[in-house]
Amino acid sequence: MKFDRDTISKVLSLYSSSFIGIALGFAISVFNTRVLGKEAFGDYKFIETVFRFLASIVSVGVFISITRMLAISGDKNYKKKLLGFFVLALIVAGTIGVILILIFSYLEPIWFSNNLGPTFKTYAFLIFAVLGNIALREILKGLNQIHTLSVLNAVPALAYLIIAYTLHLENPLFLEDILLLFYGIQLIFLIVIIFKLKPKFKINNALVKDVIHENNTNGKPIYFGSLAGVATAHIVGFSISYFIDNTQVGFFTLAMTVCSPLILIPSVLGTTFFKKFASLNVIPKKVVWFSIAATLFALAIFYIFIERVFLWFYTDDFAPTIAIAKLLIIGFLLHGFGDLINRFLGAKGQGKLLRNAAFAVGLVNILGYSLLVYYFGLMGAITTKIIASGVYLLMMYYYYTKFTKSINHV
């Protein structure tokens, strides 16, 4: 398989914007930790955990289904109608999300030792930004609009940093201010990009039946797998908050932010080639070897510089994050390679295989993030992440080899 000029341009564009996004995310975490302090920052990350957990529940696989339909369709008018369906589905799912957050706001003070119920009530609408951002990234992947995806990776974060920093110079920002600014800006960009995609709302019965069929055969199995794999991964924020406190939630999630660049390399390749994977029988060797070499190089850089770079930017209050990140990075390394295979199987419509793998990961998450965190605290959470990522990669590779053998022997 040859890398044409357009493909190379998109790979470079997405890698550049993703690395810029990672750098901006790093800068945002530095800014937020310094402004909020370790206790309020932990509360902020706990709120994010709840929003992301509920966002992963309400989609019912529709966005995944539309993504694949966009990738394989050659009819521009049909794609516009699919985008219209996406917008309506986002409104419905977001409304359900708001209702769930309002219900949680009354239960939160009973279950947890903090008083964040009023904050959840006031800012429940921001789940539209969390859900929309996740869904739109999938949609842009299906449309192969990598340059727009690149903008989404970087520009909202940059806008937040500039605006928040400017406002903080005049008056101190607090938890609610940070929450509203960060997700409010994302919501604005979400609306602008959707408007520019020019969706058509001429949705007929045939289109609805197409989406339902795709959802039943591919989207829904991936969705249930996502509940098992992705949604259960958010349990760690709940369990650390419940068994320890929100400050430790902040340390753990900050470590995840620091480790996230390692998952970037194979994941970006999988996203860029998602549309091409739909017509290929195997993942090209060039893609695999580049992913391995680049990731191992990044891993070496990580271990060499993590301590001095972290202490340069963050206050000593967050020093416990370093030890967590040095171990947690192993899980991100394994998960990144699994994601590359995941993109290939997803492009081939193998939702049931992805679901089965996610079920296994979900089981590890549920057991680990409850029992291991209860008995071993943060070390239990780290161990769970590594084991779950290892299981994910092994199952992705097993299903990949099984699937490719079946289609290559037809």
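Visitor: Which helices each supply at least two residues of the lining of the second largest pocket?
Guide: This is a predicted model. In it, helix 13, helix 14 (320-347) and helix 16 (378-408) each supply at least two residues of that lining.

Visitor: Which helix has the largest share of that lining?
Guide: Helix 13, with six residues.

Visitor: And how many residues line the second largest pocket, and which lie nearest its centre?
Guide: The lining has 16 residues. Val 288, Ile 292, Ile 341, Tyr 397 and Tyr 400 lie nearest the centre.

Visitor: How does that lining split by class, nonpolar, polar and charged?
Guide: There are 14 nonpolar residues, one polar and one charged.

Visitor: How much space lies in there?
Guide: About 400 Å³ lies in the second largest pocket.

Visitor: On to the largest pocket. How much space does that one have?
Guide: About 500 Å³.

Visitor: Which of them gives the most?
Guide: Helix 13 gives the most to the largest pocket, with nine residues.

Visitor: Which residues lie nearest the centre of the largest pocket?
Guide: Of the 19 residues that line the largest pocket, Ile 22, Phe 26, Val 258, Pro 261 and Phe 302 lie nearest its centre.

Visitor: How many residues of that lining are charged?
Guide: None; the lining of the largest pocket has 17 nonpolar residues, two polar and no charged.

Methods:
Residues are numbered from 1 along each chain as its sequence is written. This is a predicted model: local features need pLDDT of at least 70, side-chain atom pairs count only at pLDDT 80 or more; totals for chains, interfaces and linings use all residues. Side-chain values use heavy atoms; hydrogens and water are left out. On a 1 Å grid over the protein atoms alone, a cavity is a set of points where a 1.4 Å probe fits but cannot get out, and a pocket is an open set with protein on both sides within 12 Å along at least five of seven lines; lining residues have an atom within 4 Å of a point. Grid points are joined across faces, edges and corners, and a volume is the space filled by probe spheres set on the points. Helices (H or I, at least four residues) and strands (E, at least two) are DSSP runs, numbered from the N terminus. Ala, Val, Leu, Ile, Met, Phe, Trp, Tyr, Cys and Pro count as nonpolar, Asp, Glu, Lys and Arg as charged, and the others, Gly among them, as polar.
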